[in-house]
Structure formats: structure tokens, C-alpha cells
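Let's take a walk through a protein model together. Have a look at the sequence and the fold first, then read on.

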Amino acid sequence: MANGSKQIVDFAKIKATMADPYKHPVQVIDREGTVVDPEIFAKYSDDQLVDFMKKMVWERTLHEQTMNFSRQGRLGFYAPTAGEEASEMGSVTAFKEQDFLLPAYRDLPQMIQHGTTVAKGFLWSKGHVEGSQHPNPNMIFPQIIIGAQYVETAGVALGIKKNKDEDRVAFAYTGDGGTSQGDWYEGVNFASAFQAPAVFFVQNNGWAISVPRYKQTAAETLAQKAVAMGVPSVQVDGMDIVAVHEVAKAARDFAVAGNGPVVIETLTYRYGAHSSAGDDPSRYRTKEEEKPWFDADPLIRLRKVLTDKGVWSQDQEDKLVADYKDDFKQAMKEAEAAPAQKVSDFLKWTYNVPTPAVKKQIAEFEAKESK
């Protein structure tokens, strides 16, 4: 038999090129504040751009004030959001009130924008049941189990399809670490198999607590993972609010038209700790690594554009920050005025019909609580 040199499959070439379509993040405004896609940028009025800026200033101020409350011992768990304002505000504003939001624990800002209140967000952080009772019923409380909201989203999206809600989608968020969970694959695959109207966001902020993105997977991009489930996906500059909003809006249009789900990877960065629980980022990353991301700050980027257009000023921003802080302090007062929770109530909520043993415990605690 002749020894031929032909390879039937060039696996090395496949591996080297399979991420190519996903390595060109969508961008409208670059890190220097220069408009690089004037045709898309022209679709947005000055008023819309100013509103984007106001929302990012609102989120940055919310983060800073929430961290102050946390240091004062007035809150429980809180996941910092500084650095992710463009990813979060750019995406949530592309959806409608009737769309169903399934958040992770770093997504309180999106929940507030989607119809809950700041006070409810503080109550959720404090572990109070009223923190999961929202004025807009089209959302659930933040999912703590990493990636589990993707499975829930697939179910909600299928329900939307079966109910024939013509102008409604389900949208969800997770971080880069979430894509390493089985729930992520199961949720995306299920939604794809049933062509359900879902938009899945992966906020790639570079770190799953202290584990860097490159140690989580050999995939060059997280967006390309969706291909295995037959789902279109894209990377977007997550520090560019205009690009994020435009991509999110296009994804919603695609999903609501009956084309199935979309996956969007936003390239962003977590400026602070993973949570208020106390991890120290300086122990697992360097100032040299952080600097390019701080230089690409989404607020600085849009601030330059708006200042150059003459529609934004530092005085205007300072006044907004002061007003927002007052609002957040009032929201904390509202949260702290909520009635104290009772152990008897927790027991009542455990079963739809309490067991005899639980009934006995309820009576015991009610007797104690009435004193």
C-alpha cells in the first residue's frame, strides 16, 4: 500500500480558525471616544445618548452608595457592578416592559430599570422576602446558583412561544463563569431545540471570582460556544453602550420574529471585588492588567463624545450624582422600615399544606413572637 501524505482532516487548521468569526467585537465608539461606525451612531439622537449617560451615572452612583451601605453593615450580599454599566444599561434598555427578565446576582441595576425599585433591591440584599416581590411581575429574583437562570429562561421562553405572545421575549444574564456550568449549555440547547424567543447575555468581565477567563475554557471566545447548539452569537464591546444597545435590540427583533434564541458576549470588566463578602482582587490580578480596562471606562468614553457635542458637562453630572445619592438614601430608609421577618412565616411558606411537625413549630414560634 502506498504511503500518501494527504490528511483527510486538518484538525490543526480547524482549531486555529474556528473562532475567527467571533473575534471581531461589534463597536460603535472606541476606547478613545471616537465614533468608528458613524452610520449606526447617527441613528441615535442627542437626547438618547444623554439618557444613556444618565443611566450609566445612575448605576455607578448606585454602586458607590451601595458599597457605602454595605461597609456600614446595613446590607447583606452585594455584587459590585462598577465597570459593567455599558453592558448592563445598554442591554436592558433594548427590551420592553412585557419581556421577562431572569437575572443573576450582579443584575440588580437591570431589575430596577425593568420595573422594580431600589428599595426592593436593598431588601433582596438584606435577605428580606419583600425584596422578591416586584411591581413588574415579568422578572424573578436574582439567581444565586451559577447559570441556573439559563434553564429557567429556556422554560419561560418556551411558555411565551406556546402562549403565542407575539411581542415578548425572555432575556437572561450570566458571567463568564456561568458558561462553564452545565445549566448554561442545557438552557441554550433547550431554547434552540424549541426555537424559543430568548436572548442570553454573557457578561464576560474577565473573572469568575479569582479564576481568570483563560483558565475556564480553551475556547478563544465564549460566543462561539453557542454554535454547538445551533444558536447565532456575537461578541460586542461591553464598554460601548451604543454598540451593546444596538446589538441587544437586533437580538430581540430576531428572537421575537420566531427565529429562536441569540447569545451575546459582552466584553467588559469588573473593577472591584467579586462581592461585598470580602475577596481582594489585588491577590489575584495586577494593576498592569487592570489599567487598560480602567482607561476604557464606559462613562469616560461616552462622556467625551457628549462633551465634544456640547450636550454634557461636569456640573450637570455632579448635580445628577447628588440627586441620585439622595434617592438611594431615601430608598435605604424605606427598606429599613420594612417589617421584621418572623420565623413562623418562614415555616408557613415551607409547605403549601404544613405537616403536623411544622404546624407544631409554627405554633411554638408564634407564641414566642407574640410576647
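First, some ground rules. This is a predicted model, so local features need pLDDT of at least 70 and side-chain atom pairs count only at pLDDT 80 or more, while totals for chains, interfaces and linings use all residues. Residues are numbered from 1 along each chain as its sequence is written, and side-chain values use heavy atoms, with hydrogens and water left out.

Let's start with the layout. The UniProt record, an unreviewed entry, places the feature "domain: Dehydrogenase E1 component" at residues 53-343. UniProt positions are given in the numbering used here, feature names are shortened, and annotations may be inferred rather than shown by experiment. Over residues 53-343 the chain is 46% helix and 11% strand, and the C-alpha atoms at the two ends are 44 Å apart. Helices (H or I, at least four residues) and strands (E, at least two) are DSSP runs, numbered from the N terminus.

On a 1 Å grid over the protein atoms alone, a cavity is a set of points where a 1.4 Å probe fits but cannot get out, and a pocket is an open set with protein on both sides within 12 Å along at least five of seven lines; lining residues have an atom within 4 Å of a point. Grid points are joined across faces, edges and corners, and a volume is the space filled by probe spheres set on the points.

The largest pocket has a volume of about 300 Å³. Its lining is made of 24 residues, and those nearest the pocket's centre are Tyr105, Ile146, Gly175, Gly178 and His274. Strand 2 (170-175) and strand 4 (207-208) each supply at least two lining residues. Sorted by class, the pocket lining has eight nonpolar, twelve polar and four charged residues. For this sorting, Ala, Val, Leu, Ile, Met, Phe, Trp, Tyr, Cys and Pro count as nonpolar, Asp, Glu, Lys and Arg as charged, and the others, Gly among them, as polar.

How many cavities of 30 Å³ or more are there? The count comes to one, and the largest cavity has a volume of about 90 Å³. Helix 3 (46-71), helix 5 (108-113) and helix 6 (118-125) are the elements that give two or more residues to the lining of this cavity. Helix 6 gives the most, with four residues. Among the residues that line the cavity are Leu62, Tyr78, Ile112 and Phe122. By class, the cavity lining has seven nonpolar, four polar and no charged residues.

Next, a quick look at the backbone. Most residues other than glycine have a negative phi. Glutamine 195, which is not a glycine, has a positive phi of about 50°. You'll find glutamine 195 in the loop between helix 8 (182-193) and strand 3 (198-204). Isoleucine 209 also has a positive phi, near 55°, and lies in the loop between strand 4 and strand 5 (211-212). Isoleucine 209 counts as partly exposed, at 40% relative accessibility (buried means under 20% relative accessible area, exposed over 50%, partly exposed in between, with a 1.4 Å probe and protein chains only).

Finally, the charged pairs. A salt bridge is a side-chain nitrogen of Lys or Arg within 4 Å of a carboxyl oxygen of Asp or Glu, and by this rule the count comes to 20. In one of them, aspartate 99 meets arginine 252 at 2.7 Å, N to O. Aspartate 99 sits in the loop between helix 4 (85-92) and strand 1 (100-102) and arginine 252 in helix 10 (residues 241-259), so this pair ties together parts that are 153 residues apart in sequence. Aspartate 99 is buried, with a relative accessible area of 0%, and arginine 252 counts as buried too, at 3%.

Another salt bridge joins aspartate 308 and lysine 304 (2.9 Å, N to O). These two are four residues apart in helix 12 (residues 298-308), so about one helical turn separates them. Aspartate 308 counts as exposed at 57% relative accessibility, and lysine 304 as partly exposed at 38%. Back at aspartate 99, salt bridges that share partners join Lys96, Asp99, Asp167 and Arg252 into one network.
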